[in-house]
Each structure stands twice: as C-alpha cells, then as structure tokens.
Amino acid sequence: MRIVVTGGAGFIGSNFVRYLLGKYDDLEVVNLDKLTYAGNLENLRDVEDDARYAFVKGDICDAAVVRATLDGADAVVNFAAETHVDRSISGPQDFISTDVLGTHTLLEAVRELDVKRYLQISTDEVYGSTETGSFTEESDLAPSSPYSASKAGGDLQVLAYYRTYGTPVLITRSSNNYGGWQYPEKIIPLFITNAIDDQALPVYGDGLNVRDWLHVEDNCSAVDAVLHEGELGEVYNIGGGNEVRNLALTRRILELLGKGEDLIRYVVDRPGHDRRYSIDCAKVRALGWEPAVDFEDGLERTVAWYRDNPDWWRRLKSGEWREYYAQQYSGLA
Ligand code: NAD
Ligand code: TYD
C-alpha cells in the first residue's frame, strides 16, 4: 500500500509517519510537505533512511506537484495546513490558500487519478464554542477564527466531492493535540519551553477557556482506525476526554518543572477566543478505538520530552519565531 501523507514534516504528520512505519511492514509512505516555518525534517531524522519512506518538497496548492506525487497512491491523508489561530488573526491569507485551495487541489487530483481513499484531517474548532454539552458530527459548523473558517471550508468541499462525484473521502475532527515535536507557538510547548528558561507564560484573558487534550499518539491510532475502518463520506470526531482550563494546565506545567506561579502573566485576550471545545466521540469509539494515554502521564512525558530535547526547540526559537513572538506578545514584560 502506498500512502501519501501531506504535512508530514509538521507536528501530528511526523508523529503519524513514524506511527505508520512502526506498525506496518508492507507499506510505502510518501511525505509531501512545503516546509513552511512549521515544517521540520528534523522531526523525521530517525526514519529518513527507511527504504519505505520518501520525502517530496512541494505545495499542496501546486496541481502539477500534487498530481505527480499522488499518481499510484492508494490513499492520501491530508495533514498539510496553516494551523495557528493567532497567526490566522494577524494574517489570514495563507490559511485560505493552503486550507481551502490546497484541499481543493488535492481533491481534484484524487478524482482524476482515482485514488481509493482520501482522509481530510480537520479540527473540532469548526463547530465553534459551546459552554454546555458536546458537539456531534451532525452539529452545525460555526467557526470563529480565520483558521477554523478555512478548515470548515476545506471540510465542506470534501463532503461536496463525496456527494457530487462519489470521491472516496473521510474526515477526522480532533481536539487539541499535545506531545513531542510540536512547534513552540501552541500553548503546551510554548509554556513548557518558556518555563524552562524562566520566561513569562502569557495567559490570554481570564485563563478559564477550556480545551480537550488529546495525546498525539492517540490521534495517530484514531486516524489509522478511520483510514482503514471508517465509512466513506463520514466524519469522525476524535477527542481525548480531557477538558482542562488553560489556567489549570499552566499551573500543572509549572509544578512539573518545579517553577513558581510568578511566571504567569495575564495578557490581553485573543479576539473571538472560543470559550470551550467539547466533542462527542461515540462514532469513532464504535470503530473500536479509544484513547490509551492518561492526561497526567501524557503531560509528564511531554514535559520530559521538551526537557530532554532542548536542541530541537532552541533551534526553532530563533529567527522567524522571535519576530513572531515579539509581535504577538508585544505587551509582555
Ligand atoms: P503543523 O503546523 O505542526 O504542521 C503543518 C505542516 O503542514 C508543516 O509541516 C507545514 O510545512 C505543512 N504545510 C503547510 N502548508 C503547506 C502547503 N501549502 N503544502 C504542503 N505542506 C504544507 O500542524 P499540526 O499541528 O501537525 O496539524 C496537522 C493537521 O491537524 C492540520 O490539518 C490541523 O488543522 C489539524 N489539527 C491540529 C490540531 C492540533 O492540536 N495541532 C488539532 C486538530 C486538528
Ligand atoms: P492554542 O495552543 O493556540 O490552540 P487553539 O487555539 O487551537 O485551541 O491555544 C490553546 C488555548 O490556550 C487557547 O484557549 C488559547 C490559550 N493560549 C494562551 O492563553 N496563551 C498563549 O500564549 C497561547 C498560544 C494560547
């Protein structure tokens, strides 16, 4: 089986490439990635010499590259995206290009080349925020940010291709992932690495927003289950079942690193900040999947990973990252 993984040099994509190569012998994985600021081939150093793995540098918006890479593929898993909400607020254009037009370009190639399975990696953020209850796959889409609106645009195209052309598609919508190899702009790796260096942890607003944390390894096993067992044309929510307020998460990170709460800084809230994400995951559980990583263990392991891999994130926290950080957190003392 030949699987094309797009965005395989990013956080979840690289974990997924490693997961596939570890689990299956008789498979070939092609990683198509543009290597944006978030793409990092260091994430896959341990598998780059594996004969079953190949890397193609390219943009999912480039129809010629996409067609050449997908030719002969049995399945495509599309992780490639612009993914950071704050960056989508300061500059939405790349989100529309990659998350909307890139998805369209992939769908066209899947259709033309008759690829047998296309899995779109989406997010629970497409449902928007809710203070009560949990969204099912049938819930309306009500995205708040340019990021989640772009992802919703991608999802709607995927479902339209199923209805119109019978394109063999699947969608997963996962909650917030955490684990090793996550670019230090999202809250968990940013706060762990800032705390290690005794830098301030900028908490948006009152810190009472809730996110449901899913260990990246659990997401990989769920994506694998949906890719192989999912029903075409269907959407599957994937959540960790760990709804935690940002402030509680921040305090736990500080505790695990033996740092004081004096590092916490309340900063101006994110515009349109979703209060709470919560999804019902009965549908993916019916495929036999369930999360295996306990949140407390997973967070401890994640803190240990960043503590043990300072070269990895220190290289990233330079150049482009520094500019972004200075602009995003200009009010931070
Ligand atoms: P990431 O930002 O770490 O990595 C994105 C990858 O996509 C990078 O390697 C980047 O180089 C590549 N890429 C970006 N634009 C591209 C383009 N035009 N062509 C080819 N490659 C391109 O992202 P992530 O956190 O690993 O997220 C992966 C997917 O999972 C995304 O689709 C995201 O929307 C979704 N998702 C992420 C989370 C999360 O918590 N991180 C939660 C739910 C869903
Ligand atoms: P983030 O990791 O950006 O993921 P998402 O916005 O996709 O859920 O943010 C997670 C939560 O943490 C969200 O409620 C915003 C908050 N947050 C902060 O309080 N400070 C920060 O510096 C960042 C990056 C996020």
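Mentor: A backbone N or O atom of P202 lies 2.7 Å from a nitrogen atom of ligand 2, and this is a polar contact, meaning a pair of N or O atoms within 3.5 Å; within protein, one must be able to donate a hydrogen and the other to accept it, and residues adjacent in sequence count only if both atoms are side-chain atoms. Side chains take part as well: an N or O atom of N246 is 2.8 Å from an oxygen atom of ligand 2, and a polar side-chain atom of H273 lies 2.7 Å from an oxygen atom of the ligand. Taken alone, ligand 2 exposes 510 Å², of which the protein buries 98% (accessible areas by the Shrake-Rupley method with a 1.4 Å probe; for residues, only the protein chains shown count as cover).

This is a predicted model, in which local features need pLDDT of at least 70 and side-chain atom pairs count only at pLDDT 80 or more, while totals for chains, interfaces and linings use all residues. Residues are numbered from 1 along each chain as its sequence is written, chains are lettered from A and ligands numbered from 1 in the order written, and side-chain values use heavy atoms, leaving out hydrogens and water.

In total, 20 residues surround ligand 2, the closest being E125, R211, R270, H273 and Y329, where a residue is near if one of its heavy atoms lies within 4 Å. Domain 1 (2–177 + 214–238) and domain 2 (179–211 + 242–272 + 294–318) both give residues to this shell, so ligand 2 lies between them; the domain bounds come from an automatic or database domain assignment.
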